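Please walk me through this structure, step by step.

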Amino acid sequence: MKLLSQLRTSSFQLALLYMVVFATSVFLLLAFIYWRTAGFMTAQTDETIEAEIAGLAEQYRGRGVNGLITIIRERVARDPNAKTIYLLTTDEFVKLAGNIETWPEGSRSESGWINFTLNSAVGWTGSERLARARIFEVQGGLRLLVGRDVDELTSLKRVIETAINWGMGITLALALLGGFLMSRSTTRRIEIINNTSRRIMNGHLSLRIPTRGTEDDFDQLAENLNQMLDRIVYLMEGIRHVSDSIAHDLRTPLTRLRNQLENTLMSVDNDEAREQAGRAVAEADQLLATFNALLRIARLETKGSSGDMKQVALDELVSDACELYEALSEDKDQVFEQSLEAGVLIEGDRDLLFQMISNLIDNAIKYTPEHGTIGVAVRKEGENAVFEVRDSGIGIPDEEKDQVFQRFYRVGKSRSLPGNGLGLSLVSAVAEIHKGRIILSDTCPDEVPPGLTVAVHMPAFTRLRKRIRATQAEQAQDSAGGDAPASTETGHA
């Protein structure tokens, strides 16, 4: 799997493209060398045959047919290896002289050149070989064939072709190996950047991308990213400072205003005034609740993880929340169903998880009409613990399911109901801290309203994970006694 992922990297694809271009260039170069070498050797053979023909023509002009026959027989006798092929016949193909018996069959060009095989079919007594010759007619109706044994030339061409093929194969193999090694080196550095970036996105804002000190492109990229992270942390610190200032400067006056309104509500006798004061107290409570929710979401998203992570029995936590909200469901005559699998453990912050569970159950009760059905379930699926809340309420349209986790976003059908649009934002922040994912679906897709099912999948706490964490803690404790390696972290964000 790791090899396949590396083969899909852009660096390997770039190396592969370079390999194709390089291999094509090498192939064209070798093909040109072969063409020139083979052509040169073939031209030499043709020139030798032409020179032989010119000598025979001169003998024929000076000594006639008998002289031609005599010179052919002399040359055949002087060439025991039969490198040169001769055949002189009458117009009826009766042999007069030569070292083969009959005319060969082969591909013949318009200029009289023929390529054929020396074998028993032409009266050749030696081993089977390849030959090239030229055929022309002599005055008096005679036919003359003069050629050369090109078996060694053909073998040499095959050797060159084999060398070219091996050369191309080795070139491709080395280019592929070089591309793989180059891409692996590049991928390793990119993976370091990706891993560090993922840890930073998970809330470890003090981490920085390590550099090698080579001042290459990757070092420059890492330095730019680190500077960008420093700037982001600086801005986040500024936002956090502003949030804290708002908390101190506005929340206290709001609380005082709410208390004064409540005192006013208790002191007035006029029913209309009491009603107006009561509405003002409710609005102040809503403002304070919104303000507190905003601050808590901001802190959760900024902190990225909770420092109070402990083993939590999810079924027991959900059971406590159900006990708290079951009475509220009974007020609306709703059916409240529970299916809690025992022994489902997760690692998390109990208070934050309870807040998430409470928000989801409260939303289900709030957006489900009277006599509706609320279902709460806890179960284990593989390595995940699943907390699920389903209802028969108004539901969420498919096109809005990805938007409901945004702050202050409210589905059109729910705008007439009380709320500030921050409940699911808080749920999303808590789930992200616990490395969970939220899945929204319709409870009954074929019915109107379809209802809503919210399933939160979080990693289950197993004994294996417990042993791994204990081993990591022991290793960290052991390394703390010696020289610790240089950290890539800077000051805390």
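G382 takes a positive phi, near 65°, in the hairpin of β10 and β11, which has 2 residues between the strands. Strands here are DSSP runs of E with at least two residues, helices are runs of H or I with at least four residues, and both are numbered from the N terminus. The model is predicted: local features need pLDDT of at least 70, side-chain atom pairs count only at pLDDT 80 or more, and totals for chains, interfaces and linings use all residues. Residues are numbered from 1 along each chain as its sequence is written, and side-chain values use heavy atoms, with hydrogens and water left out.

β10 and β11 pair in the antiparallel sense, over 8 bridges. Two strands count as paired if DSSP finds at least two bridges between them. V376 stands opposite V389 in β11. G375 has R390 in β11 as its bridge partner. E337 stands opposite G375 in β10. The pairing of β8 with β10 is parallel, over 6 bridges.

Now take the whole sheet. It is open, has 5 strands and mixed pairing, and runs in the order β8-β10-β11-β13-β12. β8 (335-340) and β12 (437-441) stand at the edges, each with a single partner strand, so one side of each has no neighbour in the sheet. Neighbouring strands are turned by 10° against each other on average, direction ignored.

Helices pack on this sheet. α6 lies across β8, β10, β11 and β13, running at about 175° to β8. Such angles run from 0 to 180 degrees between N-to-C directions, and axes are lines fitted to C-alpha atoms, for helices over the stretch in contact. α7 touches β8, β10, β11 and β13, and its direction makes about 25° with that of β11. Contact means heavy atoms within 4.5 Å.

α7 also meets α8. Their axes come within 9 Å and cross at roughly 145°. In α7, the residues involved include L352, M356 and L360. In α8, they include L424, V427 and A431. The residues of this contact divide into 10 nonpolar, 4 polar and no charged. Here Ala, Val, Leu, Ile, Met, Phe, Trp, Tyr, Cys and Pro count as nonpolar, Asp, Glu, Lys and Arg as charged, and the others, Gly among them, as polar.

How many of the 11 residues of α8 are buried? The count is 8, so α8 is largely enclosed by the rest of the structure. Buried means under 20% relative accessible area, exposed over 50%, and partly exposed in between (1.4 Å probe, protein chains only). Among the buried residues of α8 are L424, S425 and I433. After α8 comes K435, with a positive phi near 55°.

In soluble globular proteins, nonpolar side chains tend to be buried together. A nonpolar core is a set of buried Ala, Val, Leu, Ile, Met, Phe, Trp, Tyr and Cys residues joined through side-chain atoms within 4.5 Å. The largest one has 38 residues, and L314, V318, M356, I357, L360, I361 and F387 have the most contacts inside it. Elements giving two or more residues to this core include α6 (314-331), β10 (373-381) and α8 (423-433). The largest share, 8 residues, comes from α7. Leaving aside its neighbours within four places in sequence, I357 is in contact with L314, L317, V318, A321 and F387. Another core lies apart, with 16 residues, among them L56, I69, Y86 and L144.
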